[in-house]
Amino acid sequence: MPGNPRNGRPYRRLVDAQRRLGLPCWICGHNIGYQLDARHPLSFTLDHLVPLSRGGSLLDPANARSAHRRCNSARGNRTTAQPPARASRRW
């Protein structure tokens, strides 16, 4: 039974290469706290332009983007970079 491909060396190399670029979040455009703990909402995560659930490639550098953990989670598997609109007031 094969293991999780995100635990493999090729994926870790892709994450490290994207991290070294030091780019801002491709979704919101703000700087990413690359030194922050991985659990922090403004820390770096590797996002995929074409979501994996929609046929995107896990290891393709052209499909890799730097994003905040919060922005990546809010985007989900949508193909647009904009997070969902918020309600005008709290219900």
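1. R75 is buried, since its relative accessibility is 1%. Here, buried means under 20% relative accessible area, exposed means over 50%, and partly exposed lies in between, for a 1.4 Å probe and with protein chains only. The residue belongs to helix α2, which covers residues 69–75. Its side chain reaches the backbone oxygen of L49 at 2.8 Å. A polar contact is a pair of N or O atoms within 3.5 Å; within protein, one atom must be able to donate a hydrogen and the other to accept it, and residues adjacent in sequence count only if both atoms are side-chain atoms.

2. A remark on the basis of these values is in order. The model is predicted: local features need pLDDT of at least 70, side-chain atom pairs count only at pLDDT 80 or more, and totals for chains, interfaces and linings use all residues. Residues are numbered from 1 along each chain as its sequence is written, and side-chain values use heavy atoms, with hydrogens and water left out.

3. The protein contains 2 helices and 2 strands, and their order along the sequence is α-β-β-α. Both kinds of element are DSSP runs numbered from the N terminus: helices are H or I runs of at least four residues, and strands are E runs of at least two.

4. A17 is found in helix α1, residues 9–21. With a relative accessible area of 30%, A17 is partly exposed.

5. How many disulfides does a search of the whole structure find? The search finds 0, a disulfide being a pair of cysteine sulfur atoms within 2.5 Å. For C28, the closest cysteine sulfur is that of C25, and because the distance is 3.8 Å, the two are too far apart for a bond. C71 is likewise in no disulfide, and its nearest cysteine sulfur, in C25, is 3.8 Å away. C28 is partly exposed at 34% relative accessibility, whereas C71 is buried, with a relative accessible area of 12%.

6. Of the 91 residues of the protein, 29% count as buried. The accessible surface comes to about 6,600 Å², and carbon and sulfur atoms account for 53% of that surface; such areas come from the Shrake-Rupley method with a 1.4 Å probe, and for residues only the protein chains shown count as cover.

7. Among contacts (heavy atoms within 4.5 Å) between residues at least 6 apart in sequence, 59% join residues at least 24 apart.
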